[in-house]
Amino acid sequence: VSLYARVAAQPTDTLRVTIEDVFARIDSTFPKLSVYSSTSNALNARAAGARSWMPPTISLGIDRFPYQPSRLGEMGPDNQAGIMISATQMIPNPAKLDAKQAAIESRYNVNSSNSAWTRNELHADAKIYYYRRCVAEKKLAVIAVNRSALQLLIVSAQERYKYNQSELAGIYRAQARLASLGNMEIMIRAEIAECTIGLNTLMNRSPLAPLVLDTLITLKNYSYFAVSDTAISGRSDIAAMNYSIQSMRAEQNSMALERKPDFGIAVTHSQMFGMQNQYSIMGMMTIPIAPWSSRMYTSQVRAMNYEIDAMQKETETMQLMARQMATEKLIMLNYQKQLFQNYRDSVMPAFRASYDASLLAYRQNTGTFFVLLDDWNMLLMTELQMLEVLNAALQLQTEYEYEIEVR
């Protein structure tokens, strides 16, 4: 039993879908898209702690203890020994906290745009598999019709051969053509199986699960031979780059604010042995503008300037290449549509008329079986070629929609 037959023999698991159904299942079940959701949750968790302070510091120790323990019992200023307890708390600059939180939150849009672009890539893969299988099923239908027609012609030729009205070589050639249809069908069923596995994987189903598609597909009317700048600049991958630049600027601003001082407070209590207890309260302030410390953040700020410039040039390159690719796909799509329409409206009717004329002449004993067989073969090959042109047009349509990110 063939693989295709085994797959088709599982009706209980059969899923009937349109292309929109495939998109919906990808969006809800494909694991890679869940990565971005987890990343967003991670960013939320980081942003929640962005305004946290450093933990307080508690110190406990002995202070001014004499090397002669006997003096600890003396009273008066000569005995300044005691136990010191201190608590220190650094208070970060509020501007630094705001900048740190803004830098973390700036990554949300980057993550969201990356998620949208991944979804666009998955949808494009789904379209390719979906359209390929739909066209392949149309080919199977064409082969089935032509097989039935050829079988009838062979039976008719065999009957005529009995009365010397047909040639044996022609019958053998027709039987060879009939057998070759089986090979073509095997190749097409292999393509259908490949597309089924691809679609099931994208929908997070068992690879060999049966799948029934809505084969009513049409070419869309993208008739303009120009791609708007809005269609390119609105792409999620380019938007992600722009958001990354904004995020880098937020990081740069956070780093630049390292020049601002932080503050702190320290409270000390001394439990004296020979004197009254004492305490002290001190305020602290960092001096980050000192030359030996300022080099750290100033060099980082300069480095980020270069990185931002590089990212801007990369974004411009992406837009340039995306515009080129989208324009190429759009123009090729329009030419491919014209080719398909010519096959459908002119070439196919002419070959069908030729076949019908040959069939009529053969029935009236004014035509030969060889001519009829050649016309049958040309009609079959032309119809299959027309479907190949349709498939190529659908693939170009998919590639164009991928380039402009049709949602």
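Predicted model: local features only at pLDDT ≥ 70, side-chain atom pairs only at ≥ 80, totals over all residues.
Serine 86 counts as buried because its relative accessibility is 13%, below the 20% cut-off.

**Serine 86, on the inside**
- You'll find serine 86 in strand S3, which covers residues 82-91.
- Skipping neighbours within four places in sequence, serine 86 is in contact with Thr57, Ile58 and Ser59, and also with Val267 and Thr268.

**Arginine 16, on the outside**
- Arginine 16 belongs to strand S1.
- With 65% relative accessibility, arginine 16 counts as exposed, because the cut-off for that is over 50%.
- If you leave out residues up to four places away in sequence, arginine 16 touches Asp21 and Val212.
- Arginine 16 and threonine 398 are 382 residues apart along the chain, and their C-alpha atoms are separated by 22 Å.

**The nonpolar cores**
- The largest nonpolar core is made of 51 residues, and Val22, Ile26, Tyr130 and Leu199 have the most contacts inside it.
- At least two residues of this core come from each of these elements: strands S1 (15-17) and S4 (211-213), plus helices H2 (19-29), H5 (107-161), H6 (168-202), H9 (291-363) and H10 (369-404).
- The top contributor to this core is H5, with 14 residues.
- Another core, of 12 residues, lies apart from that one, and its members include Val227, Ile232, Ala322 and Ala393.
- Back to leucine 199: not counting residues up to four places away in sequence, leucine 199 touches Val22, Ala126, Tyr129, Tyr130, Leu211 and Leu213.

**How H6 packs on H10**
- The axes of H6 and H10 come within 9 Å and cross at roughly 15°.
- Angles under 35 degrees count as roughly parallel, so H6 and H10 are roughly parallel to each other.
- As for handedness, the crossing of H6 and H10 is left-handed.
- On the H6 side, the residues that meet H10 are Ala169, Gly170, Ile171, Arg173, Ala174, Arg177, Leu181 and Met184.
- On the H10 side, their partners are Phe369, Phe370, Leu373, Asp374, Trp376, Asn377, Leu380, Met381 and Leu384.
- Sorted by class, this contact of H6 with H10 has 12 nonpolar, 2 polar and 3 charged residues.

Notes
Residues numbered from 1 in each chain as written. Heavy atoms only, no water. Core = buried A, V, L, I, M, F, W, Y, C linked by side-chain atoms within 4.5 Å. Buried < 20%, exposed > 50% of the residue type's maximum accessible area, 1.4 Å probe, protein only. Helix = DSSP H or I, 4+ residues; strand = E, 2+ residues; numbered from the N terminus. Contact = heavy atoms within 4.5 Å. Axes fitted to C-alpha atoms, helices over the stretch in contact; angles between N-to-C directions. Parallel < 35°, antiparallel > 145°, perpendicular 65-115°, else oblique. Left-handed = near helix turned anticlockwise from the far one by under 90°. Nonpolar A, V, L, I, M, F, W, Y, C, P; charged D, E, K, R; others polar.
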